[in-house]
Amino acid sequence: MNTGAALGLFGGTFDPIHSAHLRMAQAFRSELSLDEVRLIPAGQPYHREHGPHASPVQRLEMVRLAIADLPGLAVDEREIHRHKPAYTIDTLEEIRAEIGPERPLWWLIGGDSLAKLHTWHRWEDLFALANIAVALRPGFNETRLPLAVRTQWQQRQVTDFSNGAPSGTMRPLALPPLDVSATAIRQRLQSGADTGTLLSAPVLAYIRQHKLYL
C-alpha cells in the first residue's frame with residue numbers, strides 16, 4: 001500500500017449503526033479522496049451519561065455486517081478491547097505510531113461534537129496527530145462555537161483539499177448528514193415500527209436474532 005495514501009477514521013457508539021453513519025462514511029471517503037475509512041466502535045464512551053444499549057461485541061459485529069459489501073470501509077476494533085474509557089487522543093496516538101508521521105490522517109466528527117471539542121481529553125493535542133473533518137448540519141453557525149474551538153476552526157480550515165498535510169487542518173464535510181438518530185431507531189425497534197431503509201438487512205436480522213433494543 002502507498003504509505004502516503006490518506007486514511008480516515010470515524011468513531012462512534014454505533015448503537016446501532018444505521019444509514020446516516022454509512023452515508024457519512026462514504027461521503028467522507030469520497031470528498032477527501034481517502035484510501036480507506038476505518039469505523040471505530042467505542043468500547044466505553046466516557047462522554048455519555050448512560051452506556052450503550054448493545055454490548056461492545058454486538059456493536060462491533062453490527063458494524064462488520066453493515067460494511068461487509070462497501071468498498072473502502074473497514075472496522076477497527078481497538079477501542080472495544082480497551083478496558084478503560086475510550087479517549088480519542090489515545091486511539092490517534094496508537095494509529096499515528098502505526099502508520100508513521102507522514103501519512104495524512106483524518107478524523108471525522110459531527111457538528112455537535114465540534115461544539116464540545118474543548119471538553120475532550122487533551123483536545124488541543126489532537127491537531128498534532130490528525131486533520132479533522134466535520135459533518136455539519138444545515139444551519140450551522142460558527143459564531144455559536146465556544147471561543148477556543150471557534151479560533152481553531154477559523155485558523156485551521158484549508159482551501160486546498162489535496163491531503164498535503166498529515167495533520168493539523170480542519171474542513172467541513174459538504175454532504176449534510178441524514179436526519180436519523182440511533183435513539184429514534186431504537187424507539188422504532190422497541191415499538192415494532194418499520195425501520196425502512198434506516199438499517200441494512202444484515203444488521204436488522206442480527207438485531208432480531210439477538211433481540212436487541214426490545
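Contact here means heavy atoms within 4.5 Å. The exercises use a predicted model: local features need pLDDT of at least 70, side-chain atom pairs count only at pLDDT 80 or more, and totals for chains, interfaces and linings use all residues. Residues are numbered from 1 along each chain as its sequence is written, and side-chain values use heavy atoms, with hydrogens and water left out.

**Exercise 1. The whole chain**

Task: describe the contacts, the elements and the overall dimensions of the protein chain.

Solution. 
- Step 1. Take contacts between residues at least 6 apart in sequence. Of these, 73% join residues at least 24 apart.
- Step 2. List the elements. The protein chain has seven helices and six strands. Helices (H or I, at least four residues) and strands (E, at least two) are DSSP runs, numbered from the N terminus.
- Step 3. Read them in order. The pattern is β-α-β-α-β-α-β-α-β-α-β-α-α.
- Step 4. Judge the packing. The radius of gyration is 17 Å, close to the 17 Å that the globule rule gives for 214 residues, so the chain is as compact as a globular protein of that length. This radius is taken over C-alpha atoms, and the rule is 2.2 Å times the number of residues to the power 0.38.
- Step 5. Along its principal axes, the C-alpha trace spans about 45 × 40 × 30 Å.

**Exercise 2. Surface and charge**

Task: state how much of the chain is buried, what it exposes and how its charges are placed.

Solution. 
- Step 1. Buried means under 20% relative accessible area, exposed over 50%, and partly exposed in between (1.4 Å probe, protein chains only).
- Step 2. Apply them. Buried residues make up 48% of the 214 residues.
- Step 3. The protein chain exposes about 10600 Å², and carbon and sulfur atoms supply 50% of it. Such areas come from the Shrake-Rupley method with a 1.4 Å probe.
- Step 4. Count charges. There are 22 positive and 22 negative side chains, and the centres of the two sets lie 4 Å apart. Lys and Arg count as positive and Asp and Glu as negative; His and the chain ends are not counted. Each charge is placed at NZ of Lys, CZ of Arg, CG of Asp or CD of Glu.

**Exercise 3. The nonpolar cores**

Task: which residues touch the most other members of the largest nonpolar core?

Solution. 
- Step 1. Define the set. A nonpolar core is a set of buried Ala, Val, Leu, Ile, Met, Phe, Trp, Tyr and Cys residues joined through side-chain atoms within 4.5 Å.
- Step 2. Name the residues. In the largest core, of 35 residues, they are Ile17, Phe28, Leu39 and Met62.
- Step 3. Find the suppliers. Elements that each give at least two residues include helix H1 (19-31), strand S2 (36-41) and helix H2 (56-67). H1 gives the most, with six.
- Step 4. Look at one member. Beyond four places in sequence, Met62 touches Pro16, Ile17, Ala54, Val203, Tyr206, Ile207, Leu212 and Tyr213.

**Exercise 4. Buried or exposed?**

Task: sort Arg186, Val63, Gln44 and Ser33 by accessibility.

Solution. 
- Step 1. Arg186 counts as buried, at 13% relative accessibility.
- Step 2. Val63 counts as buried, at 0%.
- Step 3. Gln44 counts as partly exposed, at 39%. Its place is the loop between S2 and H2.
- Step 4. Ser33 is exposed, at 56%. Its place is the loop between H1 and S2.
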